[in-house]
Amino acid sequence: MKAFTKLSGIAAPLPLVNIDTDMIIPKQFLKTIKRSGLGVNLFDEMRYDQDGNEIPDFVLNQPQYREAQILVAGDNFGCGSSREHAPWAIADFGITCVIAPSFADIFHNNCFKNGILPIALPQEQVDVLMKDAEKGSNARIEVDLEAQTITTSDGEVFTFEVDSFKKHCLLNGLDDIGLTMEKAAAIDSYETRASAQRPWV
């Protein structure tokens, strides 16, 4: 998993509350077990019409937001079913930070496992960032995980809270497999001892 340290990028405004995982990635795209290839179907039912044509008004179809790396959204982001395909789709599109007043718990945890930093802020601060994001590609928001700060394009700084263990994992690019592999030497040592002590196993 790619490490997350500091990000300076375009933020896309999506001022909707209760964006659930079916809106993020509809159920018909859940057949794959690969983490790649889902970005094109992120927010599929809002991005495309029934003929598969882009809906020009949707934020991620607008030229200034096609390269967005940050998403500023409404309350209770990621609610609904626990599908991990939702953060897969967000990450595959290129978004590595989502800012909202609150997140559904399972989605929140799944983000950290997939290299995405979810940041919960008070509504009034999200409102400021939403206005900043509406400026388009001329405005870049900076997110510093080490310092736990967000800086608007106008230089206003907000601080955010993040679990220390989850922060460690993101800063070092460690998903569940990566965390296990940190113990590879101890695991190998145990397996060697176990084989010697119980060769019949």
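The side chains of Ser81 and Arg83 are joined by a polar contact of 2.9 Å (a pair of N or O atoms within 3.5 Å; within protein, one must be able to donate a hydrogen and the other to accept it, and residues adjacent in sequence count only if both atoms are side-chain atoms). The model is predicted, with local features needing pLDDT of at least 70 and side-chain atom pairs counting only at pLDDT 80 or more, while totals for chains, interfaces and linings use all residues. Residues are numbered from 1 along each chain as its sequence is written, and side-chain values use heavy atoms, with hydrogens and water left out.

Ser81 itself sits in the loop between β3 and α3; helices (H or I, at least four residues) and strands (E, at least two) are DSSP runs numbered from the N terminus. With a relative accessible area of 35%, Ser81 is partly exposed. On this scale buried means under 20% relative accessible area, exposed over 50%, and partly exposed in between (1.4 Å probe, protein chains only). Ser81 and Ala104 are separated by 23 residues in sequence and by 9.7 Å in space, C-alpha to C-alpha.

Not counting residues up to four places away in sequence, Asn110 touches Ser82, Arg83, Glu84 and Pro87, contact being heavy atoms within 4.5 Å. Asn110 is buried, at a relative accessible area of 8%. The buried set in α4 consists of Phe107, Asn110, Cys111 and Phe112. In an α-helix there are 3.6 residues a turn, so residues three or four places apart point the same way. The buried residues of α4 pack against α1, α3, β5 (117–120) and α6 (164–171). Just after α4 comes Gly115, with a positive phi of about 80°.

What about open space? The largest pocket has a volume of about 390 Å³. On a 1 Å grid over the protein atoms alone, a pocket is an open set of points where a 1.4 Å probe fits, with protein on both sides within 12 Å along at least five of seven lines, and lining residues have an atom within 4 Å of a point. Grid points are joined across faces, edges and corners, and the volume is the space filled by probe spheres set on the points. Of the 17 lining residues, Lys2, Ala3, Phe4, Thr96 and Gly115 lie nearest the centre. β1 (6–9) and α3 each supply at least two residues of the lining, and α3 gives the most, with 3 residues. By type, the lining divides into 6 nonpolar, 6 polar and 5 charged residues; Ala, Val, Leu, Ile, Met, Phe, Trp, Tyr, Cys and Pro count as nonpolar, Asp, Glu, Lys and Arg as charged, and the others, Gly among them, as polar.

Tyr65, in the loop between α2 (44–47) and β3, is buried at a relative accessible area of 3%. Beyond four places in sequence, contacts of Tyr65 include Ile10, Ala11, Ala12, Pro13, Phe93 and Lys135. Thr152, in the loop between β7 and β8 (157–159), is also buried, with a relative accessible area of 6%. Two non-glycine residues have positive phi: Asn18, at about 55°, and Gln148, near 60°. Asn18 belongs to the loop between β2 and α1 (21–24) and is partly exposed at 40% relative accessibility. Gln148 belongs to the loop between β6 (141–144) and β7 (149–151) and is buried, with a relative accessible area of 17%.
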